[in-house]
Amino acid sequence: MEGQPLAGSPRLLTGFSSDFSEHREVRPERATYVDVVSEGFLTLHSAAERLGVHYMTAYRYVRLGVLPGEKDGGSWRVREADVAAFSSGTRFVPETAAETGSSRAPWSERLEARLLAGDGRGAWGVIEAAMAAGASTETVYLDIVAPALRRIGAKWAAGELDIASEHRATGIAFRLIGRLGPRFARPGRSKGSILIGTPPGERHSMPVAMLADLLRNEGYEVFDLGADLPVEAFVQAVRTTSALSAVGVSVTSADCLGAAAELVQAVREAAPGVRVVVGGHAVTSDADAEALGAEWAPDAKSMVQLLG
């Protein structure tokens with residue numbers, strides 16, 4: 001009796017000679033797999049066949065975000081419509097890129113897809129591909145990683161994403177930053193020291209970590225105090241840091257603006273001659289910054305320009 005395929009596995013069809021004394025296997029010219037794993041979806045093996053490429057090539061397409069895919073248990077699956085579009089020469093362009101009319105490769109959207117899928121290797125693959133295409137480390141941070149994280153945060157705030165998925169994506173992003181960080185170091189004499197962190201209660205440390213690397217890229221020695229630091233500890237760091245050029249305070253949550261104002265005042269009292277710069281999602285204008293008693297820098301480039 002012909003053996004049954006394993007449950008959940010693609011069915012490889014083979015033929016056997018009717019002369020069982022020879023036990024001769026008759027191999028088809030090409031293996032054929034069961035196509036549809038669920039309505040509208042294909043296995044990655046089947047997608048590779050339809051595209052006329054090796055399975056590992058199709059796998060790389062998915063991991064780089066060129067061909068949209070998703071995990072189904074321990075296996076990848078792709079939509080038939082996406083395979084058809086890819087085969088016809090139409091590459092995947094997410095709505096966010098299409099709406100801007102941008103002709104660039106949608107690296108940020110591809111990274112977002114891999115972060116939401118919990119695919120750390122694929123996320124790093126997107127970063128590597130973007131850099132191989134000419135993106136600088138600064139571009140990767142400002143134009144690829146940061147927008148992807150903002151969209152993920154917006155989806156969580158809108159109730160479209162559960163907190164576990166958001167935390168998983170953030171964890172992967174932190175690992176990416178850890179791998180990219182050393183590339184921002186610049187040899188030569190330091191332009192001065194910059195101390196950055198967040199006020200008490202502010203737990204978003206990713207913006208601080210990215211800002212630290214971007215400022216190091218400009219030749220500054222940067223001390224990253226992380227998130228949710230007590231005012232007294234922050235002030236102690238200000239007093240003990242030599243050649244201090246500026247203090248940066250990142251505020252993502254509007255609920256932490258009061259704590260930020262208290263921190264800025266304490267820093268100014270401890271180091272009257274040091275510039276204090278604030279930024280982050282909750283600080284959107286010079287007026288907001290002035291209300292906190294500091295200067296405003298919407299991004300790392302602006303902060304560098306402020307420091308001259």
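## Briefing on a predicted chain

The side chains of threonine 43 and serine 46 form a polar contact at 2.8 Å (a pair of N or O atoms within 3.5 Å; within protein, one must be able to donate a hydrogen and the other to accept it, and residues adjacent in sequence count only if both atoms are side-chain atoms). This is a predicted model, where local features need pLDDT of at least 70, side-chain atom pairs count only at pLDDT 80 or more, and totals for chains, interfaces and linings use all residues. Residues are numbered from 1 along each chain as its sequence is written, and side-chain values use heavy atoms, with hydrogens and water left out.

**Whole chain**

- The chain holds 13 helices and 11 strands (DSSP runs numbered from the N terminus; helices are H or I with at least four residues, strands are E with at least two).
- Of its 308 residues, 41% count as buried (buried is under 20% relative accessible area, exposed is over 50%, partly exposed is in between, with a 1.4 Å probe and protein chains only).
- Among contacts in the chain with a separation of 6 or more, 64% join residues 24 or more positions apart (contact means heavy atoms within 4.5 Å).

**Threonine 43**

- Threonine 43 sits in strand S4, residues 41–43.
- Threonine 43 is buried, at a relative accessible area of 11%.

- Helix H13 covers residues 300–307, and its buried residues are Ala300, Ser302, Met303, Val304 and Leu307.
- What do the buried residues of H13 pack against? Their partners are strand S7 (193–197), helix H9 (206–216), strand S9 (244–250) and strand S10 (275–279).
- At the start of H13, aspartate 299 brings a side-chain oxygen to within 3.2 Å of the backbone nitrogen of lysine 301.
- Just after H13 comes glycine 308, with a positive phi of about 75°.

**Helix pairs**

- Two packed helices are described by the angle between their axes and the distance between the axes.
- Axes here are lines fitted to C-alpha atoms, for helices over the stretch in contact, and angles run from 0 to 180 degrees between N-to-C directions.
- H1 (residues 44–51) and H3 (residues 80–87) have axes that come within 10 Å and cross at roughly 25°. H1 and H3 are therefore roughly parallel (under 35 degrees is roughly parallel, over 145 roughly antiparallel, 65 to 115 roughly perpendicular and the rest oblique).
- Ala47, Arg50 and Leu51 of H1 make the contact with Glu80, Val83, Phe86 and Ser87 of H3.
- H1 and H3 cross in a right-handed way (right-handed if the near helix is turned clockwise from the far one by less than a right angle, left-handed if anticlockwise).
- H6 (residues 120–132) packs on H7 (residues 137–157) at an angle of about 125°, with the axes 10 Å apart. That angle makes H6 oblique to H7.
- The crossing of H6 and H7 is right-handed. Ile127, Ala130 and Met131 of H6 meet Thr137, Val140, Ile144 and Val145 of H7.
- H6 and H8 (residues 163–180) have axes that come within 10 Å and cross at roughly 45°. H6 and H8 are therefore oblique to each other.
- H6 also passes H8 in a right-handed crossing. On the H6 side are Gly120, Ala123, Trp124, Ile127 and Met131, which meet Ile172, Arg175, Leu176, Arg179 and Leu180 of H8.

**Loops and positive phi**

- Most residues other than glycine have a negative phi.
- Aspartate 228 is not a glycine, yet has a positive phi of about 55°. Its loop runs between strand S8 (221–224) and helix H10 (231–240).
- Aspartate 228 is partly exposed, with a relative accessible area of 35%.
- Alanine 243, also not a glycine, has a positive phi of about 50°. Alanine 243 lies in the loop between H10 and S9.
- Is alanine 243 buried or exposed? Alanine 243 is exposed, with a relative accessible area of 59%.

**Glycine 293**

- Glycine 293 occupies the loop between helix H12 (286–292) and strand S11 (295–296).
- Glycine 293 is partly exposed, at 33% relative accessible area.
- Leaving aside neighbours within four places in sequence, glycine 293 is in contact with Val264 and Arg268.
- Glutamate 262 is 31 residues from glycine 293 along the chain, and their C-alpha atoms are separated by 9.4 Å.
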